[in-house]
Amino acid sequence: MPRRVAIIATGQTKHAARRLDVNIAELITEAVTRALQDADLTMRDIDAVLLGNMEPFEGFLFPELWAVEGWGGYMKPSVKFNTGGTVGTTTAIAAYYYVASGIYDTVMAIGFQKQSEGHTQTAITTVGDPIWERSVMAGAIGNFAVMATTYMHESGVTEEQAAKVAVKARRNACLNEYAHLQMPDITVEDVLKSEMLAYPVKRLDMCPQSDGAVAVIFAEESKAQRLAPRPAWIKAVATAHEQQYMGDSPKRLAEMRSLIAASRRAYQAAGITNPRRELDVAEIYEVASFAELAMYENLGFCERGEGGKLIDAGVTELTGELPVNPSGGVLSTNPIGATALIRVAEAALQIMGKAGRRQVEGARTALATGYGGNAWTDILILSREKP
Amino acid sequence: MSEWIVRQKIRIPFQYTTGRALTRFLTGLAECRIWATRCAECARVYVPPRSFCGRCWREITEWRELPAEGEVMSYTVRPADPPLILGLIRLDGADTALVHRLGEVEPEELERVVRVRAVWREDRTGSILDIAYFAPVR
Ligand SMILES: [Zn+2]
């Protein structure tokens, strides 16, 4: 039997397009220091450190080696994870396994990326299959655009409905002191009029590139109860992976098979039968506005083809029935190696009642997702109740 | 003095082995032929071809030739002069789709384009770019 595990503390940096005031090690230290303060612990209380980063986005391998004094790994048990968009959730799920196994009691998961130091589109191009896909298309935007067109056809969502997601994200971000893109006055028209990157995706439909780091501390049951007034218990974790080529599932956004598989596994483990009613808040990995609408459908928040109606009805606004990304989400903050772990940290903050101005009142059950390489999905369900 | 940046640029050459299935596929393209593989268990027809079905976790040995014609599943347009149009094309008889360029078509017409065919280059070298683009069947 796995042991019960809870998140007891989190720490984030101020995320920004360019954190030119710090190097990578200093950036990580900022998040780690805040997480340790949050739990009133020191680095000596941490049994193992797990690190997430998408290399070589900063242009060098082993960034963790050069940043070791920042992440506190000297002579500690540690592993680095590099799984694309899911890096952060993979690191979180691994931290859960480390503690649940009974081998370590207190484990810190860290995610970081300093995108200003590298060239993200070039790095993302190296993700594509070199023989076929890289020769005809490159980068994340064209890829998403092709999927978004299919999704619009399949579900009938409009560019306006997608723009509403982009607006919700940047306005919610104004309530989050750590968020990168805070745009209090953004309108649907602003999104629709922003530069067309690749039809139907416009600049304001896409996530930014950010510098940022996050640290999350996981602990076993007795420590969690002693150290945190209200721990965020891990109720379920799940992962699933798709096939490689984009054309292997031509309706990839309309039918996100790995998201469906992983979420249903997690719902079952957590005893959730109606996610829209039983979840109180969701922090999902929506790299583009269109993707968030597709994720509503694939996560079972609504029926197929109803994603656009959900945003129209305000269901996923901070004051709605099921707030999605009160933090501002990936559309507001995207230091890739940290992004999915930020979802977990934000979901934990909601359960712990520490989400400040973006707090969803009385949140008891929260969902966090990671999504990477168009294929890989991670899911975590956090709860105020012990599993 | 508080913000100091060191700038560098690294050139990294790579070479990729195409492997058994893709070698036959690329050789075929040089002869204007499109080769696919079919999984004996799930009957999925893969193009580009694989030596292995990831869904069934078994080797694929059956080859079949597909017509260089099919259906546009999706597209995107990148603003440029002329605009770069990318499509997701499912060839007749395939279960997977190919990403490639679309040509001889204006962006405004795309919503009406359903059937496309490969337009082959004269100087073919055994590359995916032996297909210059896919054009509407008019
Ligand atoms: Zn098969």
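Colleague: Where is E104(B) found, and how do I read the element labels?

Modeller: Helices (H or I, at least four residues) and strands (E, at least two) are DSSP runs, numbered from the N terminus. E104(B) is in the loop between β8 (98–101) and β9 (115–120) of chain B. Its phi is near 55°, a positive value in a residue other than glycine. This is a predicted model, in which local features need pLDDT of at least 70 and side-chain atom pairs count only at pLDDT 80 or more, while totals for chains, interfaces and linings use all residues. Residues are numbered from 1 along each chain as its sequence is written, chains are lettered from A and ligands numbered from 1 in the order in which they are written, and side-chain values use heavy atoms, with hydrogens and water left out.

Colleague: Is E104(B) buried, partly exposed or exposed?

Modeller: Buried means under 20% relative accessible area, exposed over 50%, and partly exposed in between (1.4 Å probe, protein chains only). E104(B) has a relative accessible area of 45%, so it is partly exposed. C32(B) also has a positive phi without being glycine, near 60°. You will find C32(B) in the loop between α1 (19–30) and β1 (34–38) of chain B, and at 30% relative accessibility it counts as partly exposed.

Colleague: Which residues does a cis peptide bond join?

Modeller: Look at omega. For the bond joining E55(A) and P56(A), omega is about 10°, and P56(A) sits in the loop between β2 (48–52) and α2 of chain A. Another cis bond joins Y199(A) and P200(A), with omega about 0°. P200(A) has its place in the loop between β5 (196–198) and β6 (201–202) of chain A.

Colleague: Why is helix α13 of chain A said to be largely enclosed?

Modeller: Ten of the ten residues of α13 (residues 289–298) are buried, so this helix is largely enclosed by the rest of the structure. Among them are F290(A), E292(A) and Y296(A). After α13(A) comes G300(A), whose phi is positive, near 80°.

Colleague: What does Q12(A) touch?

Modeller: Contact means heavy atoms within 4.5 Å. Leaving out residues up to four places away in sequence, Q12(A) touches several residues, including A31(A), Y178(A), I342(A) and L349(A). Q12(A) is in strand β1 (residues 5–12) of chain A and is buried, with a relative accessible area of 2%. A polar contact is a pair of N or O atoms within 3.5 Å; within protein, one must be able to donate a hydrogen and the other to accept it, and residues adjacent in sequence count only if both atoms are side-chain atoms. The side chains of Q12(A) and H15(A) make one of 2.9 Å.

Colleague: And where is L349(A) found?

Modeller: L349(A) is in helix α16 (residues 336–352) of chain A. L349(A) is buried, at 7% relative accessible area, and its contacts include T10(A), Q12(A) and R358(A).

Colleague: How many cavities of 30 Å³ or more does a search of the whole structure find?

Modeller: On a 1 Å grid over the protein atoms alone, a cavity is a set of points where a 1.4 Å probe fits but cannot get out, and a pocket is an open set with protein on both sides within 12 Å along at least five of seven lines; lining residues have an atom within 4 Å of a point. Grid points are joined across faces, edges and corners, and a volume is the space filled by probe spheres set on the points. The search finds one cavity of 30 Å³ or more. The largest cavity has a volume of about 40 Å³, and its lining includes Q12(A), H15(A) and E346(A). Helix α16(A) gives the largest share of that lining, three residues.

Colleague: Which residues are closest to the centre of the largest pocket?

Modeller: That pocket holds about 1,600 Å³ of space. Of the 39 residues that line it, E58(A), G59(A), E117(A), G118(A) and Q8(B) are the closest to its centre.
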